[in-house]
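Please read these comments with the model open beside you.

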Amino acid sequence: MNPISSRISPVVQSIPPSGIRQFFNVVEGDKDIISLGVGEPDFSTPKCAIDAVKRSLEQGQTMYTPNEGMSDLREAIAEYMHASFGIRYEPSREVLVTVGGSEAIDLALRAILSPGDEVIVPVPGYIAYAPLIRLNGGTPVELELAEKDQFKLTAEALRQAITPQTKAIMVNYPSNPTGAIMTHEDWLPIARLAVQHNLIILSDEIYAELTYEGKHVSIASLPGMRERTVVISGFSKAYAMTGWRVGYVCGDRALIAAMTKIHQYTALCAPRVGQAAALECLRSGQADKEKMKRAFNERRRMFAAALNDIGLSCRQPQGAFYLFPSIAGTGLSSQVFAERLLVEAKVAVVPGHVFGAGGEGFIRCSYAASSVQLAEAVERIDRWLKQTGLVYKIRDSLRYSVAVMPSSLRKIRLK
């Protein structure tokens with residue numbers, strides 16, 4: 001027996017590989033596949049940010065930054081949080097720049113969890129939350145959200161999931177994978193329960209800027225919630241900076257200090273070039289951000305309409321850049337549907353079951369791909385459903401009338 005493999009942590013061994021990456025790895029290198037799997041904008045990072053990085057490199061700015069991040073970037077983040085969401089944070093003690101939003105989530109969990117602590121995780125939800133909770137000694141408690149509630153977290157469901165061991169709630173709105181959002185009225189009863197049971201809210205708001213109907217509401221902005229909420233965000237989605245790996249976290253100064261202590265031993269600091277790019281985006285990248293958002297919004301409406309037209313029942317999401325259509329009418333599991341669609345139609349999507357309870361019977365499709373790719377993907381899915389006879393199962397199940405060439409699809413093709 002290999003002396004190393006036999007001594008790998010049982011916790012690590014028990015965690016499955018990412019269900020999203022499983023399909024992404026297959027797509028890599030195959031130019032015939034249209035990938036709707038990975039949540040990555042098809043746009044380039046704003047030119048102003050790239051130019052700022054060039055200047056910083058020419059000036060020799062390639063050294064470490066403070067553990068907490070560049071002071072001017074932390075100040076810009078604090079200004080942004082106040083201007084956008086009405087929440088004030090002290091830049092020097094309540095803002096930490098991290099290696100992407102993923103590190104921020106990990107640091108927060110490391111800082112608060114003790115063995116036996118439970119963290120409520122609404123599902124369908126981002127696949128990294130439960131594994132990170134387990135890796136940090138906690139117990140994830142999945143709370144299944146209902147499609148009839150538009151996949152929103154409700155106080156009734158939350159109340160039933162809270163136990164004496166519950167320490168925190170992990171929330172993500174706008175949601176990956178469902179595109180759901182929460183309004184001020186939606187958050188109020190959740191906030192009351194958090195105060196009543198002395199719970200910490202870990203709020204992943206990476207898609208905050210991609211809210212299409214109304215304005216994003218952070219639960220930290222509600223009375224009494226700033227002190228018990230950890231706001232996690234970053235620049236990957238709104239500014240097309242996935243590869244730059246810059247995130248941030250805002251919250252109570254004692255918790256930020258604890259997270260910084262871990263951060264300085266594990267990552268030391270976020271990449272300087274990424275921080276320079278992020279700072280310039282906050283200073284000068286608003287027009288680019290809004291241009292990308294308008295494009296996503298147009299794709300959102302047209303792609304949702306097109307999928308509905310070919311028989312895949314789909315709610316129009318209100319945020320992020322994902323659709324979560326039902327494939328239940330086909331009679332296939334989400335895993336089998338996704339595998340067959342990939343092999344037989346060359347379209348990559350993510351099976352809904354990887355996002356937890358309630359995800360079975362759905363697939364996640366990212367509309368961060370180009371309009372041309374989305375149009376071709378719909379045509380391929382439509383053709384595949386008809387060729388396999390699955391479209392007739394959907395029609396029988398939903399009494400759906402399938403158009404030969406939906407008007408919404410024609411609109412996409414013109415873009």
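This is a predicted model: local features need pLDDT of at least 70, side-chain atom pairs count only at pLDDT 80 or more; totals for chains, interfaces and linings use all residues.

The numbered points below take the salt bridges, then the sheet, then the patch.

1. Salt bridge count. The structure holds 15 salt bridges.

2. Glu 94 with Arg 226. These two residues form a salt bridge, and their closest N and O atoms are 2.5 Å apart. Glu 94 sits in helix α5, residues 91-94, while Arg 226 sits in the loop between β6 (200-204) and β7 (229-234). The pair therefore ties together parts that lie 132 residues apart in sequence.

3. Glu 94 with Arg 253. Glu 94 also meets Arg 253 in a salt bridge, at 3.8 Å from N to O. Again the link joins distant parts of the chain: Glu 94 is in helix α5, Arg 253 is in helix α10 (residues 253-266), and 159 residues separate them.

4. Exposure of this pair. Is Glu 94 buried or exposed? Its relative accessibility is 6%, so Glu 94 counts as buried, the cut-off being under 20%. Arg 253 has 35% and counts as partly exposed.

5. Arg 315 with Glu 147. The side chains of Arg 315 and Glu 147 form a salt bridge at 4.0 Å, N to O. The cut-off is within 4 Å, so please check this pair with care. Arg 315 lies in the loop between α12 (286-309) and β9, and Glu 147 lies in the loop between β4 (139-144) and α8 (155-161). The bridge thus ties together parts 168 residues apart in sequence. Arg 315 is partly exposed at 41% relative accessible area. Glu 147, at 32%, is partly exposed as well.

6. The sheet. Three strands make an open sheet in the order β9-β12-β11, with antiparallel pairing. Its edge strands are β9 (322-323) and β11 (350-351), each of which pairs on one side only. Two bridges join β11 to β12, residues 363-366. Pro 351 has Ile 363 in β12 as its bridge partner.

7. The patch. Ile 8, Val 11, Val 12 and Leu 135 make a nonpolar surface patch of about 310 Å². Val 11 belongs to helix α1, residues 10-14. With a relative accessible area of 36%, Val 11 is partly exposed.

Conventions:
Residues are numbered from 1 along each chain as its sequence is written. Side-chain values use heavy atoms; hydrogens and water are left out. Two strands pair if DSSP finds at least two bridges between them. Helices (H or I, at least four residues) and strands (E, at least two) are DSSP runs, numbered from the N terminus. Patches are made of residues with over 30% relative accessible area and no salt bridge: like charges are joined within 9 Å, nonpolar side chains (Val, Leu, Ile, Met, Phe, Trp, Tyr) within 5 Å. Accessible areas come from the Shrake-Rupley method with a 1.4 Å probe; for residues, only the protein chains shown count as cover. Buried means under 20% relative accessible area, exposed over 50%, partly exposed in between (1.4 Å probe, protein chains only).
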